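Have the structure open beside you as you read.

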Amino acid sequence: MHKDDNRPIGVFDSGLGGLTVVSALNRALPEEDILYLGDTARVPYGDKSVDSIRRFARKDAEFLFERGVKILVVACNTVSAVAMDELRKHNPGAHILGVLEAGIHAVLATNPAHVAVIGTRATIGSDAYRRGIHAKNPSIVVESIACPLLVPMAEEGITDSTITRSILDIYLHNVKRNPPDTLLLGCTHYPLFKAEISSYLDGRTAIVDSASACAEHVLGYLESHHLRATKEKEGKNSFYVTDLHSTLPQLAARFLGRIPERIEKIALPDDGF
């Protein structure tokens, strides 16, 4: 007889954007406990070197595995693009999923002929989304666009203003002229711009939210690997960050949809600083 697995799910991101994934997981899997780590002392990862990103990711994963998580969800698109092999090599046999693979799966489900992917410089520079999509269907036209200003704008709560529209026009004017079938929000901060981007593209493009796609991917994985928690229980969230300032709870609420009950500041050992 199958036994429920009530160990927590571990989720990490370079900052607070991954809380959009936690919010989606809470909706899809309300019985699951979740431990979230945001590396707020070193956010964003998107403009760091690949070697630094891999080193940071190893320490993030180590922190969560030491706390007994049953599965690790890499909510950072940048880490998912450049460090998954590194994480799996250092944690053999562990269950590790990345938001990137979930996003690719969700994009392919829309049966597109033309896809646009937006993300950080590191994510776009890795070419991981295009390579992943073309590995499944090389006939799909994929254009990749770095939109680095969207992360600090999301952090500042600037998501539906004239400024936002102007920034979208800088990055997406060619996309607006030739709208793709599907646009993937390849950064966990970007779901905050979903409505504004859809409006900017005149509603002619399907918008894939990588946070929601990731939650659905995790749900399917837990089911297929018999890792679901007891469905009758109510899941709890625990939040950890590497830097804690006075406005962080309010900032976290932008991504999570509520102010976290408690946020604990922690130090990651041997982080190279």
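## Pockets and a histidine

Q: What makes up the lining of the second largest pocket, by class?
A: This is a predicted model, and in it the lining of the second largest pocket divides into 5 nonpolar, 2 polar and 3 charged residues. Its volume is about 150 Å³.

Q: How do you know that Val43 and Glu155 belong to the lining of the second largest pocket?
A: A lining residue must have an atom within 4 Å of a pocket point. Val43 and Glu155 are listed in that lining, along with Pro44, Gly46, Asp47, Thr120, Arg121, Pro148, Val151 and Pro152, so each of them meets the cut-off. Helix H8 (residues 150-156) gives the largest share, 3 residues.

Q: Which residues are the closest to the centre of the largest pocket?
A: The largest pocket has a volume of about 290 Å³. Of its 14 lining residues, Ser80, Met84, Asp85, Arg88 and Leu100 are the closest to the centre. Helices H3 (77-82), H4 (84-90), H5 (99-108) and H7 (128-136) are the elements that each give two or more residues to this lining. By class, the lining has 7 nonpolar, 2 polar and 5 charged residues.

Q: What separates the C-alpha atoms of histidine 134 and isoleucine 104?
A: These C-alpha atoms are 9.9 Å apart, with the two residues 30 residues apart along the chain.

Definitions and conventions. Residues are numbered from 1 along each chain as its sequence is written. This is a predicted model: local features need pLDDT of at least 70, side-chain atom pairs count only at pLDDT 80 or more; totals for chains, interfaces and linings use all residues. Side-chain values use heavy atoms; hydrogens and water are left out. On a 1 Å grid over the protein atoms alone, a cavity is a set of points where a 1.4 Å probe fits but cannot get out, and a pocket is an open set with protein on both sides within 12 Å along at least five of seven lines; lining residues have an atom within 4 Å of a point. Grid points are joined across faces, edges and corners, and a volume is the space filled by probe spheres set on the points. Helices (H or I, at least four residues) and strands (E, at least two) are DSSP runs, numbered from the N terminus. Ala, Val, Leu, Ile, Met, Phe, Trp, Tyr, Cys and Pro count as nonpolar, Asp, Glu, Lys and Arg as charged, and the others, Gly among them, as polar.
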